[in-house]
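Here's a quick briefing to read alongside the model. Have a look at the fold, then go through the points by topic.

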Amino acid sequence: CGADAELIDLCKRCLAPNPDDRPPDAGSVAHAVAAYRAAVEERERTARWNAAERALTEARRMRTRARVALAVAVV
């Protein structure tokens with residue numbers, strides 16, 4: 001279905017034919033969903049941070065190239 005493996009596993013556990021294989025109560029499911037959402041949000045924050053770092057590095061690289069080009073043009 002394209003969902004994360006962790007979420008698929010939780011759904012399968014909730015729908016398990018054997019009641020002993022299911023989460024014991026709704027609180028357990030809610031806790032698992034909250035943990036899943038927190039992990040997803042952390043991955044998104046990390047991805048945004050990494051993208052910002054890459055953009056900053058590229059901007060610095062371009063600025064350095066511009067300075068070198070300007071210095072060569074002046075000389």
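Helices (H or I, at least four residues) and strands (E, at least two) are DSSP runs, numbered from the N terminus. With that in hand, the protein chain comes out with two helices and zero strands. Keep in mind that this is a predicted model, where local features need pLDDT of at least 70 and side-chain atom pairs count only at pLDDT 80 or more, while totals for chains, interfaces and linings use all residues. Residues are numbered from 1 along each chain as its sequence is written, and side-chain values use heavy atoms, with hydrogens and water left out.

**Overall shape and surface**

- The radius of gyration of the protein chain is 24 Å, whereas a compact globule of 75 residues would sit near 11 Å. That radius is taken over C-alpha atoms, and the globule rule is 2.2 Å times the number of residues to the power 0.38.
- Along the principal axes, the C-alpha atoms of the protein chain fill a box of roughly 80 × 25 × 10 Å.
- How many of the 75 residues of the protein chain count as buried? The share is 5%, with buried meaning under 20% relative accessible area, exposed over 50%, and partly exposed in between (1.4 Å probe, protein chains only).
- The protein chain shows about 6200 Å² of accessible surface, and carbon and sulfur atoms own 61% of that. These areas come from the Shrake-Rupley method with a 1.4 Å probe, and for residues only the protein chains shown count as cover.

- Ala3 is in the segment before H1, and it counts as partly exposed because its relative accessibility is 32%.
- Ala3 and Arg60 are 57 residues apart along the chain, and their C-alpha atoms are separated by 37 Å.
- Ala5 lies in helix H1, and at 61% relative accessibility it counts as exposed.
- From Ala5 to Arg48 the step is 43 residues in sequence and 22 Å in space, C-alpha to C-alpha.

**The loop between the helices**

- Ala16 sits in the loop between helix H1 (5–14) and helix H2 (26–74).
- Is Ala16 buried or exposed? Ala16 counts as buried, because its relative accessibility is 9%.
- Once neighbours within four places in sequence are set aside, Ala16 is in contact (heavy atoms within 4.5 Å) with Asp21 and Arg22.

**Charges and salt bridges**

- The protein chain carries 13 positive and 11 negative side chains, and the centres of the two sets lie 14 Å apart. Lys and Arg count as positive and Asp and Glu as negative, while His and the chain ends are not counted. Each charge is placed at NZ of Lys, CZ of Arg, CG of Asp or CD of Glu.
- Side chains of opposite charge can pair when their charged atoms come close.
- There are four salt bridges in the structure, a salt bridge being a side-chain nitrogen of Lys or Arg within 4 Å of a carboxyl oxygen of Asp or Glu.
- One of them joins the side chains of Asp4 and Arg43, at 3.1 Å from N to O. This pair links distant parts of the chain, with Asp4 in the segment before H1 and Arg43 in helix H2, 39 residues apart. Asp4 is partly exposed at a relative accessible area of 32%, and Arg43 is partly exposed at 45%.
- Arg45 and Glu42 meet in another salt bridge, at 2.8 Å from N to O. Both lie in helix H2, three residues apart, about one turn of the helix. Arg45 is partly exposed with 41% relative accessible area, and Glu42 is partly exposed with 40%.
- Glu58 forms a salt bridge with Arg61, where the closest N and O atoms are 2.7 Å apart. Glu58 and Arg61 also lie in helix H2, three residues apart, about one turn of the helix. Glu58 is partly exposed with a relative accessible area of 33%, and Arg61 counts as partly exposed at 39%.
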